[in-house]
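Work through these exercises with the coordinates open. Each task is followed by a stepwise solution.

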Amino acid sequence: MAKIFDSIDEKLKTWIEEQPMWFVATAPLGADGHVNMSPRGHDSFSILAPHRVAWVDYTGSGVETISHIRENGRVCLMFNSFGSRPRIVRLHGRGSVYLPGEPSFEEVVALHPDHPSTRAVIVVDVTRVSDSCGWGVPVMEMTGERELLRLQAEQKGVDGMSAYRQERNAKSIDGLPGLPSKIS
């Protein structure tokens with residue numbers, strides 16, 4: 001069943017947009033650095049063009065994805081169906097990080113609901129689109145989104161989120177630069 005696609009066509013775009021959860025994988029250049037894979041969700045992902053995607057990146061306990069992309073740009077996104085029809089789609093490419101005030105940040109953020117945890121936008125120029133069977137992925141049911149991220153950000157407020165980013169998002173676990181202090 002595995003197939004390489006020329007681009008993200010309308011049929012594939014529709015399928016990707018139906019997936020409530022996806023994963024992003026990155027790695028630093030150093031051989032002793034940690035590979036990172038993060039789950040993503042909420043209304044944060046956009047297909048901008050047949051070879052260009054983006055997502056609103058929310059504040060997290062770490063900053064690995066941003067640090068790795070800033071260091072080397074390499075990224076792989078994986079979408080998989082948990083429904084009755086098994087399927088996995090991977091988008092490989094080169095990513096860029098955009099911060100508040102930059103045109104690409106504003107363009108992508110405008111496509112999604114406002115979220116108090118927003119810290120950056122990641123844009124990926126897709127170089128490879130492929131799928132595979134997904135036969136080993138369990139069938140699961142989506143029961144809803146978690147609101148904990150929003151609630152925590154609202155409770156902390158703007159100043160609290162800034163302090164949290166300064167503490168947790170300035171450097172990756174391998175010591176790579178994370179977020180600059182201007183948005184921390």
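**Exercise 1. Cysteines**

How many disulfides does the count come to? Work on the predicted model.

Solution. 
Step 1. Recall that a disulfide is a covalent bond between the sulfur atoms of two cysteines.
Step 2. Set the cut-off: the two sulfur atoms must lie within 2.5 Å.
Step 3. Apply the rule. The count comes to zero disulfides.
Step 4. Check C76. C76 is in no disulfide, and the nearest cysteine sulfur, that of C133, is 16 Å away.
Step 5. Check C133. Its sulfur is too far for a bond, because the closest cysteine sulfur, in C76, is 16 Å away.
Step 6. C76 has a relative accessible area of 16%, so C76 is buried. C133, with 28%, is partly exposed.

**Exercise 2. Salt bridges**

Find how many salt bridges the whole structure holds, then examine three of them.

Solution. 
Step 1. Search the whole structure. The search finds seven salt bridges.
Step 2. Take D57 and R40. Their side chains meet in a salt bridge, at 2.6 Å from N to O. The pair links distant parts of the chain: D57 sits in strand β5 (residues 52–58) and R40 in strand β3 (residues 36–40), 17 residues apart. Both D57 and R40 are buried.
Step 3. Take D125 and R52. The closest N and O atoms of this salt bridge are 2.4 Å apart. D125 lies in strand β8 (residues 118–132) and R52 in strand β5, so this pair also links distant parts of the chain, 73 residues apart. D125 is partly exposed at 35% relative accessible area. R52 is partly exposed at 27%.
Step 4. Take E167 and R168. Their side chains form a salt bridge at 3.8 Å, N to O. E167 is exposed, with 63% relative accessible area. R168 counts as partly exposed at 37%.
Step 5. Look for shared partners. Salt bridges join R40, D57 and R119 into one network.

**Exercise 3. A charged patch**

Which residues form a negative surface patch?

Solution. 
Step 1. List the members: D9, E10, E17 and E18.
Step 2. E17 belongs to helix α1 (residues 10–18). Its relative accessible area is 48%, so E17 is partly exposed.
Step 3. D9 is found in the loop between β1 (3–5) and α1. D9 counts as partly exposed, at 35% relative accessibility.
Step 4. Compare sequence and space for D9 and S104. They are 95 residues apart in sequence, and their C-alpha atoms are 22 Å apart.

Methods
Residues numbered from 1 in each chain as written. Predicted model: local features only at pLDDT ≥ 70, side-chain atom pairs only at ≥ 80, totals over all residues. Heavy atoms only, no water. Patch = residues over 30% accessible without salt bridge, like charges linked within 9 Å, V, L, I, M, F, W, Y side chains within 5 Å. Areas by Shrake-Rupley, 256 points an atom, 1.4 Å probe, with all protein chains shown as cover. Salt bridge = Lys/Arg side-chain N within 4 Å of Asp/Glu carboxyl O. Lys, Arg positive; Asp, Glu negative; His and termini not counted. Charge placed at Lys NZ, Arg CZ, Asp CG, Glu CD. Helix = DSSP H or I, 4+ residues; strand = E, 2+ residues; numbered from the N terminus. Buried < 20%, exposed > 50% of the residue type's maximum accessible area, 1.4 Å probe, protein only.
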